[in-house]
Amino acid sequence: MASKLKIKVNGLVHNVTASLDTPLLYVLHNELHLHGPRFGCGLAQCGACSVLLDGKEIRSCVTPVAAVSGKTITTLEGLPAMWSKTRGTTGATPAALHPLQQAWIEVQVPQCGYCQNGMLIQAADLLATTKNPTEKNIRQALNGHLCRCGTYPAIIAAVQRAAKLMAKGA
Ligand code: FES
Ligand code: FES
């Protein structure tokens, strides 16, 4: 049976109508038209569907929408605004890109791109608490994310590049 819910995504509160056990990913795609999170395995195994829930990475393919009511969701689309808020420039000079996205471009990370949403979201989670991550830190953080194209070395370089950009307040 469908229920009415309020969910906060990328700073906006949305009224949605869905069954309480509907995966959050389906609501993001079908109701809010946010396609940064991808459907990969549907089993919490690959990380393609990752989003931030109150700043921590979760798998939206196995998270019931009812579980996020009243909490804050950030998707890939919301990373620039999140960064603007972090550095305190909301409204003045909002960032066009999160430093991670800028670094991803500079390092030319993606191949097919399918996994990259999850990599970026997990890296955002990591950099929120680990300002200068080692290669080991990054490997451990991204351990549950699969890339069939083998972009792992480029991802490590890009996360470390993003950490430098963030330190400069880029
Ligand atoms: S689609 Fe969610 S973890 Fe693979
Ligand atoms: S870039 Fe293709 S799966 Fe990672």
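## A hairpin to start with

Ala2 stands opposite Ser19 in strand S2. This is a predicted model, where local features need pLDDT of at least 70 and side-chain atom pairs count only at pLDDT 80 or more, while totals for chains, interfaces and linings use all residues. Residues are numbered from 1 along each chain as its sequence is written, chains are lettered from A and ligands numbered from 1 in the order in which they are written, and side-chain values use heavy atoms, with hydrogens and water left out.

Strands are DSSP runs of E with at least two residues, helices are runs of H or I with at least four, and both are numbered from the N terminus. S1 and S2 pair (DSSP finds at least two bridges between them) in the antiparallel sense, over 8 bridges. They form a hairpin with 2 residues between them, and Asn10 in the turn has a positive phi of about 50°.

Let's follow strand S1 (residues 2–9). Ser3, Leu5, Ile7 and Val9 point to one face and are buried (under 20% relative accessible area with a 1.4 Å probe, protein chains only; exposed is over 50%, partly exposed in between).

## The whole sheet

Which order do the strands take in the open sheet? The order of its 5 strands is S2-S1-S5-S3-S4, with mixed pairing. At the edges lie S2 (12–19) and S4 (56–59), each pairing on one side only.

S1 and S5 run parallel, joined by 2 bridges, and Lys8 stands opposite Thr72 in S5. S3 (residues 50–53) and S4 run antiparallel, with 4 bridges; the bridge partner of Leu52 is Glu57 in S4.
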